[in-house]
Amino acid sequence: MAQLTLRNLLCSLFVAHFFLPDVLSTTFTISNKCDYTVWPGILSNADAPPLSSTGFVLQKGETRTINPPASWGGRMWGRTHCAEDSAGKFSCLTGDCGSGKLECSGSGAVPPATLAEFKLDGYGGMDYFDVSLVDGYNLPVLVVPQGGTGQNCSSTGCVVDLNGSCPSELKVTSTSGEGVACKSACEAFRQPQYCCSGAYATPDTCKPSSYSATFKNACPHAYSYAYDDKTSTFTCASANYLITFCPTPNTSQKSSQGSTDASNASANANKSLMDGTMVYEGALDQSGASSPSTYTHVLGSHGIACFVSITVAIWQLTHVF
(Lines give C-alpha, C1' and ligand atoms only; values in the text may rest on other atoms or scores of the structure.)
Protein backbone atom coordinates (compact mmCIF):
# COMPACT_ATOMS: atom_id res chain seq x y z
CA MET A 1 0.00 0.00 0.00
CA ALA A 2 2.84 2.37 0.87
CA GLN A 3 4.45 1.68 -2.49
CA LEU A 4 1.20 2.40 -4.34
CA THR A 5 0.58 5.63 -2.44
CA LEU A 6 4.12 6.80 -3.05
CA ARG A 7 3.90 5.98 -6.74
CA ASN A 8 0.64 7.96 -7.01
CA LEU A 9 2.24 10.95 -5.28
CA LEU A 10 5.27 10.91 -7.54
CA CYS A 11 3.14 10.52 -10.66
CA SER A 12 1.08 13.51 -9.56
CA LEU A 13 4.25 15.55 -9.22
CA PHE A 14 5.32 14.41 -12.68
CA VAL A 15 2.00 15.48 -14.22
CA ALA A 16 2.10 18.81 -12.40
CA HIS A 17 5.59 19.47 -13.76
CA PHE A 18 4.20 19.39 -17.30
CA PHE A 19 0.81 21.00 -16.89
CA LEU A 20 1.24 23.69 -14.24
CA PRO A 21 3.19 26.01 -16.61
CA ASP A 22 0.11 26.21 -18.80
CA VAL A 23 -2.05 27.62 -16.01
CA LEU A 24 0.48 30.07 -14.62
CA SER A 25 -0.09 33.72 -15.40
CA THR A 26 1.26 35.42 -18.49
CA THR A 27 4.44 37.47 -18.23
CA PHE A 28 5.28 40.66 -20.09
CA THR A 29 9.00 41.26 -20.61
CA ILE A 30 9.63 44.88 -21.63
CA SER A 31 13.04 45.60 -23.14
CA ASN A 32 14.66 48.86 -24.20
CA LYS A 33 17.13 48.48 -27.08
CA CYS A 34 17.04 52.15 -28.02
CA ASP A 35 20.19 54.22 -27.73
CA TYR A 36 18.32 56.45 -25.30
CA THR A 37 16.18 56.15 -22.17
CA VAL A 38 12.53 55.14 -22.52
CA TRP A 39 9.87 55.57 -19.82
CA PRO A 40 7.18 52.90 -20.43
CA GLY A 41 3.60 53.73 -19.52
CA ILE A 42 0.80 51.22 -18.88
CA LEU A 43 -2.97 51.76 -18.85
CA SER A 44 -5.41 49.00 -17.90
CA ASN A 45 -8.82 48.71 -19.54
CA ALA A 46 -11.80 49.91 -17.52
CA ASP A 47 -12.74 46.32 -16.62
CA ALA A 48 -9.20 45.28 -15.65
CA PRO A 49 -7.25 45.98 -12.45
CA PRO A 50 -4.15 48.19 -12.66
CA LEU A 51 -0.79 46.45 -12.83
CA SER A 52 1.80 46.64 -10.07
CA SER A 53 3.43 49.52 -11.95
CA THR A 54 1.83 51.96 -14.37
CA GLY A 55 5.03 53.77 -15.32
CA PHE A 56 8.75 53.31 -14.86
CA VAL A 57 12.13 54.05 -16.44
CA LEU A 58 14.18 51.76 -18.69
CA GLN A 59 17.71 52.85 -19.39
CA LYS A 60 19.40 51.72 -22.60
CA GLY A 61 19.70 47.91 -22.55
CA GLU A 62 17.48 47.41 -19.49
CA THR A 63 14.63 44.89 -19.22
CA ARG A 64 11.74 44.58 -16.80
CA THR A 65 9.23 41.73 -16.30
CA ILE A 66 5.62 42.28 -15.25
CA ASN A 67 3.06 39.64 -14.26
CA PRO A 68 -0.47 40.76 -15.16
CA PRO A 69 -3.53 39.14 -13.55
CA ALA A 70 -5.60 36.63 -15.50
CA SER A 71 -7.77 38.10 -18.27
CA TRP A 72 -5.96 41.45 -18.05
CA GLY A 73 -6.47 43.95 -20.84
CA GLY A 74 -4.77 47.25 -21.55
CA ARG A 75 -2.07 49.08 -23.47
CA MET A 76 1.61 49.89 -23.15
CA TRP A 77 3.75 52.55 -24.79
CA GLY A 78 7.10 54.26 -24.50
CA ARG A 79 7.55 57.85 -23.33
CA THR A 80 10.57 59.78 -24.57
CA HIS A 81 12.41 63.01 -23.73
CA CYS A 82 11.18 63.00 -20.14
CA ALA A 83 12.33 65.19 -17.25
CA GLU A 84 11.30 66.71 -13.93
CA ASP A 85 11.03 70.47 -13.60
CA SER A 86 12.19 72.53 -10.62
CA ALA A 87 8.85 71.89 -8.89
CA GLY A 88 9.20 68.12 -9.27
CA LYS A 89 6.60 67.78 -12.03
CA PHE A 90 7.41 64.93 -14.39
CA SER A 91 6.58 65.31 -18.09
CA CYS A 92 7.58 63.86 -21.46
CA LEU A 93 7.77 65.32 -24.94
CA THR A 94 6.16 62.20 -26.46
CA GLY A 95 3.76 59.68 -24.91
CA ASP A 96 3.19 61.82 -21.81
CA CYS A 97 0.30 60.58 -19.66
CA GLY A 98 -0.34 63.88 -17.91
CA SER A 99 -0.04 62.50 -14.37
CA GLY A 100 2.86 64.80 -13.51
CA LYS A 101 4.85 61.87 -12.14
CA LEU A 102 6.62 58.70 -13.23
CA GLU A 103 3.57 56.49 -12.63
CA CYS A 104 0.70 57.11 -15.07
CA SER A 105 -1.87 56.09 -12.42
CA GLY A 106 -4.82 55.47 -14.73
CA SER A 107 -4.00 58.00 -17.43
CA GLY A 108 -3.31 57.11 -21.06
CA ALA A 109 -0.77 58.39 -23.54
CA VAL A 110 -1.22 61.81 -25.11
CA PRO A 111 -0.96 61.23 -28.88
CA PRO A 112 1.12 60.61 -30.83
CA ALA A 113 2.36 57.33 -29.36
CA THR A 114 2.99 53.82 -30.65
CA LEU A 115 0.76 51.46 -28.64
CA ALA A 116 1.03 47.76 -27.81
CA GLU A 117 -2.46 46.55 -26.89
CA PHE A 118 -3.46 43.30 -25.16
CA LYS A 119 -6.55 41.38 -24.04
CA LEU A 120 -5.53 38.20 -22.27
CA ASP A 121 -7.77 35.14 -22.11
CA GLY A 122 -10.41 36.70 -24.33
CA TYR A 123 -12.91 35.05 -26.65
CA GLY A 124 -12.25 31.33 -27.00
CA GLY A 125 -9.56 31.49 -24.31
CA MET A 126 -7.20 33.28 -26.69
CA ASP A 127 -5.00 36.31 -26.04
CA TYR A 128 -5.61 39.16 -28.50
CA PHE A 129 -2.85 41.67 -29.18
CA ASP A 130 -1.76 44.29 -31.69
CA VAL A 131 0.53 47.25 -32.25
CA SER A 132 -1.40 50.38 -33.14
CA LEU A 133 -0.49 53.61 -34.95
CA VAL A 134 -4.08 54.87 -34.77
CA ASP A 135 -2.90 57.42 -32.17
CA GLY A 136 0.25 58.17 -34.18
CA TYR A 137 3.84 57.03 -33.78
CA ASN A 138 6.74 57.97 -31.54
CA LEU A 139 9.16 55.02 -31.53
CA PRO A 140 9.54 51.48 -32.94
CA VAL A 141 7.86 48.65 -31.02
CA LEU A 142 7.92 44.89 -31.56
CA VAL A 143 5.74 42.32 -29.76
CA VAL A 144 7.00 38.71 -29.83
CA PRO A 145 4.83 35.92 -28.35
CA GLN A 146 6.89 33.22 -26.66
CA GLY A 147 5.81 29.62 -26.21
CA GLY A 148 2.23 30.23 -27.39
CA THR A 149 0.08 28.36 -29.88
CA GLY A 150 -2.46 29.36 -32.50
CA GLN A 151 -2.77 29.86 -36.24
CA ASN A 152 -2.22 33.61 -35.91
CA CYS A 153 0.30 33.51 -33.06
CA SER A 154 3.12 35.54 -34.55
CA SER A 155 5.21 38.65 -34.03
CA THR A 156 3.80 42.05 -34.84
CA GLY A 157 4.94 45.62 -34.59
CA CYS A 158 6.25 48.71 -36.28
CA VAL A 159 9.99 48.26 -36.39
CA VAL A 160 11.11 51.17 -38.58
CA ASP A 161 11.75 54.76 -37.57
CA LEU A 162 8.96 56.83 -39.11
CA ASN A 163 9.99 60.11 -37.50
CA GLY A 164 12.47 61.02 -40.23
CA SER A 165 10.03 60.31 -43.07
CA CYS A 166 6.92 61.74 -41.37
CA PRO A 167 4.98 64.23 -43.56
CA SER A 168 5.67 67.78 -42.41
CA GLU A 169 2.00 68.40 -41.57
CA LEU A 170 2.07 65.44 -39.12
CA LYS A 171 5.56 65.88 -37.69
CA VAL A 172 6.21 66.69 -34.04
CA THR A 173 9.61 68.27 -33.39
CA SER A 174 11.73 69.08 -30.38
CA THR A 175 12.94 72.57 -29.60
CA SER A 176 16.06 71.77 -31.62
CA GLY A 177 13.98 70.83 -34.66
CA GLU A 178 14.50 67.06 -34.40
CA GLY A 179 11.54 64.91 -35.45
CA VAL A 180 10.43 63.05 -32.31
CA ALA A 181 6.95 61.79 -33.26
CA CYS A 182 4.45 61.56 -36.10
CA LYS A 183 0.78 62.45 -35.58
CA SER A 184 -2.13 60.53 -37.01
CA ALA A 185 -4.26 62.42 -39.52
CA CYS A 186 -7.09 62.35 -36.98
CA GLU A 187 -4.96 64.09 -34.37
CA ALA A 188 -3.56 66.59 -36.89
CA PHE A 189 -6.75 67.60 -38.73
CA ARG A 190 -9.65 66.60 -36.42
CA GLN A 191 -11.80 65.62 -39.38
CA PRO A 192 -14.39 62.78 -39.13
CA GLN A 193 -13.14 61.04 -42.29
CA TYR A 194 -9.74 60.64 -40.61
CA CYS A 195 -11.12 59.86 -37.15
CA CYS A 196 -13.78 57.33 -38.24
CA SER A 197 -16.43 59.36 -36.42
CA GLY A 198 -19.81 60.88 -37.29
CA ALA A 199 -20.88 59.80 -40.77
CA TYR A 200 -17.63 57.79 -41.06
CA ALA A 201 -18.14 55.69 -37.92
CA THR A 202 -18.54 52.30 -39.64
CA PRO A 203 -16.15 49.98 -41.51
CA ASP A 204 -18.11 50.65 -44.71
CA THR A 205 -17.77 54.42 -44.54
CA CYS A 206 -14.34 54.86 -42.94
CA LYS A 207 -11.63 53.96 -45.40
CA PRO A 208 -7.82 54.27 -45.31
CA SER A 209 -6.50 57.74 -46.08
CA SER A 210 -3.29 58.62 -47.86
CA TYR A 211 -1.81 59.31 -44.43
CA SER A 212 -2.82 55.98 -42.88
CA ALA A 213 -1.57 54.30 -46.07
CA THR A 214 1.86 55.79 -45.37
CA PHE A 215 1.87 54.12 -41.96
CA LYS A 216 0.53 50.86 -43.40
CA ASN A 217 3.12 50.68 -46.16
CA ALA A 218 5.91 51.13 -43.62
CA CYS A 219 4.39 48.82 -40.98
CA PRO A 220 1.92 46.44 -42.67
CA HIS A 221 1.18 44.44 -39.49
CA ALA A 222 0.31 47.45 -37.32
CA TYR A 223 -3.07 49.16 -37.08
CA SER A 224 -3.04 52.25 -39.28
CA TYR A 225 -6.65 53.37 -38.78
CA ALA A 226 -9.60 52.36 -36.60
CA TYR A 227 -11.01 49.56 -38.81
CA ASP A 228 -7.71 48.05 -39.88
CA ASP A 229 -8.54 44.72 -38.21
CA LYS A 230 -7.95 42.06 -40.86
CA THR A 231 -4.16 42.36 -41.02
CA SER A 232 -3.45 43.79 -37.58
CA THR A 233 -4.99 41.61 -34.85
CA PHE A 234 -3.05 38.59 -33.59
CA THR A 235 -4.06 35.76 -31.24
CA CYS A 236 -2.20 33.26 -29.07
CA ALA A 237 -2.97 30.75 -26.35
CA SER A 238 -0.70 30.22 -23.33
CA ALA A 239 1.97 32.68 -24.43
CA ASN A 240 4.31 35.09 -22.72
CA TYR A 241 5.13 38.34 -24.50
CA LEU A 242 8.34 40.22 -25.17
CA ILE A 243 7.76 43.92 -25.92
CA THR A 244 10.87 45.58 -27.33
CA PHE A 245 11.46 49.27 -27.99
CA CYS A 246 13.82 49.82 -30.97
CA PRO A 247 14.18 46.10 -31.75
CA THR A 248 16.67 46.49 -34.61
CA PRO A 249 19.91 48.46 -34.88
CA ASN A 250 18.59 50.66 -37.68
CA THR A 251 15.81 51.96 -35.39
CA SER A 252 17.89 52.51 -32.25
CA GLN A 253 18.65 56.12 -33.12
CA LYS A 254 16.30 58.91 -34.09
CA SER A 255 16.29 59.05 -37.87
CA SER A 256 16.99 62.29 -39.68
CA GLN A 257 17.06 60.66 -43.09
CA GLY A 258 14.46 60.74 -45.81
CA SER A 259 11.67 58.45 -46.86
CA THR A 260 13.88 56.33 -49.14
CA ASP A 261 15.94 55.03 -46.22
CA ALA A 262 12.80 54.47 -44.16
CA SER A 263 11.20 52.51 -47.00
CA ASN A 264 14.28 50.33 -47.42
CA ALA A 265 14.44 49.63 -43.70
CA SER A 266 10.73 48.84 -43.69
CA ALA A 267 11.04 46.35 -46.53
CA ASN A 268 13.91 44.50 -44.86
CA ALA A 269 12.31 44.43 -41.41
CA ASN A 270 8.86 43.43 -42.59
CA LYS A 271 10.30 40.58 -44.64
CA SER A 272 11.39 39.01 -41.36
CA LEU A 273 8.15 39.87 -39.59
CA MET A 274 6.13 37.90 -42.14
CA ASP A 275 7.58 34.71 -40.64
CA GLY A 276 5.87 34.22 -37.30
CA THR A 277 8.74 32.08 -35.96
CA MET A 278 11.33 34.69 -36.81
CA VAL A 279 12.33 37.59 -34.60
CA TYR A 280 14.41 40.66 -35.25
CA GLU A 281 18.13 40.98 -34.69
CA GLY A 282 18.81 40.42 -31.01
CA ALA A 283 15.16 40.82 -30.02
CA LEU A 284 15.45 37.97 -27.50
CA ASP A 285 19.12 37.85 -26.62
CA GLN A 286 18.95 40.10 -23.54
CA SER A 287 15.60 39.00 -22.16
CA GLY A 288 16.65 35.73 -20.58
CA ALA A 289 13.64 34.11 -22.24
CA SER A 290 13.55 31.41 -24.87
CA SER A 291 12.37 32.00 -28.40
CA PRO A 292 9.35 30.07 -29.73
CA SER A 293 11.69 27.67 -31.52
CA THR A 294 13.72 26.89 -28.39
CA TYR A 295 10.85 26.83 -25.88
CA THR A 296 9.73 23.32 -26.84
CA HIS A 297 13.32 22.09 -26.75
CA VAL A 298 13.88 23.52 -23.28
CA LEU A 299 10.57 22.13 -21.99
CA GLY A 300 11.34 18.74 -23.50
CA SER A 301 14.77 18.63 -21.85
CA HIS A 302 13.26 19.39 -18.46
CA GLY A 303 10.61 16.73 -19.02
CA ILE A 304 13.14 14.05 -19.86
CA ALA A 305 15.26 14.95 -16.83
CA CYS A 306 12.20 14.90 -14.60
CA PHE A 307 11.06 11.55 -15.97
CA VAL A 308 14.47 9.95 -15.42
CA SER A 309 14.73 11.37 -11.89
CA ILE A 310 11.27 10.14 -10.89
CA THR A 311 11.84 6.70 -12.41
CA VAL A 312 15.06 6.30 -10.42
CA ALA A 313 13.32 7.53 -7.26
CA ILE A 314 10.47 5.06 -7.65
CA TRP A 315 12.91 2.19 -8.21
CA GLN A 316 14.90 3.15 -5.12
CA LEU A 317 11.85 3.60 -2.93
CA THR A 318 10.30 0.26 -3.92
CA HIS A 319 13.44 -1.40 -2.68
CA VAL A 320 13.26 0.53 0.59
CA PHE A 321 9.64 -0.41 1.24
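Tutor: Buried means under 20% relative accessible area, exposed means over 50%, and partly exposed is what falls in between. The model here is predicted.

Student: How does arginine 75 count by that scale, buried or partly exposed?

Tutor: Arginine 75 has a relative accessibility of 26%, so it counts as partly exposed.

Student: Which residue does the side chain of arginine 75 meet in a salt bridge?

Tutor: For a salt bridge, a side-chain nitrogen of Lys or Arg must be within 4 Å of a carboxyl oxygen of Asp or Glu. By this rule there are five salt bridges in the model. In one of them, arginine 75 pairs with glutamate 117, with N to O at 2.9 Å. Arginine 75 belongs to strand S4 (residues 73-84) and glutamate 117 to strand S6 (residues 115-119); the two are 42 residues apart, and their pair links distant parts of the chain.

Student: Is glutamate 117 buried or exposed?

Tutor: Glutamate 117 has a relative accessible area of 19%, so it is buried.

Student: Which residues are linked in a network of salt bridges?

Tutor: Arg75, Glu117 and Asp135 are linked in such a network.

Student: What does lysine 60 form a salt bridge with?

Tutor: Its partner is aspartate 35, and the closest N and O atoms are 3.6 Å apart. Aspartate 35 sits in the loop between strand S1 (28-32) and strand S2 (39-44), while lysine 60 sits in the loop between S2 and strand S3 (63-66), so the pair ties together parts that are 25 residues apart in sequence.

Student: How do those two residues count for accessibility?

Tutor: Lysine 60 is exposed, because its relative accessibility is 55%. Aspartate 35 has a relative accessible area of 35%, so it is partly exposed.

Student: Which residue forms a salt bridge with glutamate 187?

Tutor: That is arginine 190, with 3.3 Å between the closest N and O atoms. Arginine 190 is exposed, at a relative accessible area of 58%, whereas glutamate 187, at 21% relative accessibility, is partly exposed.

Student: Where is threonine 27?

Tutor: Threonine 27 is in the loop between helix H1 (2-23) and S1. With 19% relative accessibility it counts as buried.

Student: Which residues does threonine 27 touch?

Tutor: Leaving out residues up to four places away in sequence, threonine 27 touches Thr65, Ile66, Asn67, Pro68, Asn240 and Tyr241.

Note on methods. Residues numbered from 1 in each chain as written. Predicted model: local features only at pLDDT ≥ 70, side-chain atom pairs only at ≥ 80, totals over all residues. Heavy atoms only, no water. Helix = DSSP H or I, 4+ residues; strand = E, 2+ residues; numbered from the N terminus. Buried < 20%, exposed > 50% of the residue type's maximum accessible area, 1.4 Å probe, protein only. Contact = heavy atoms within 4.5 Å.
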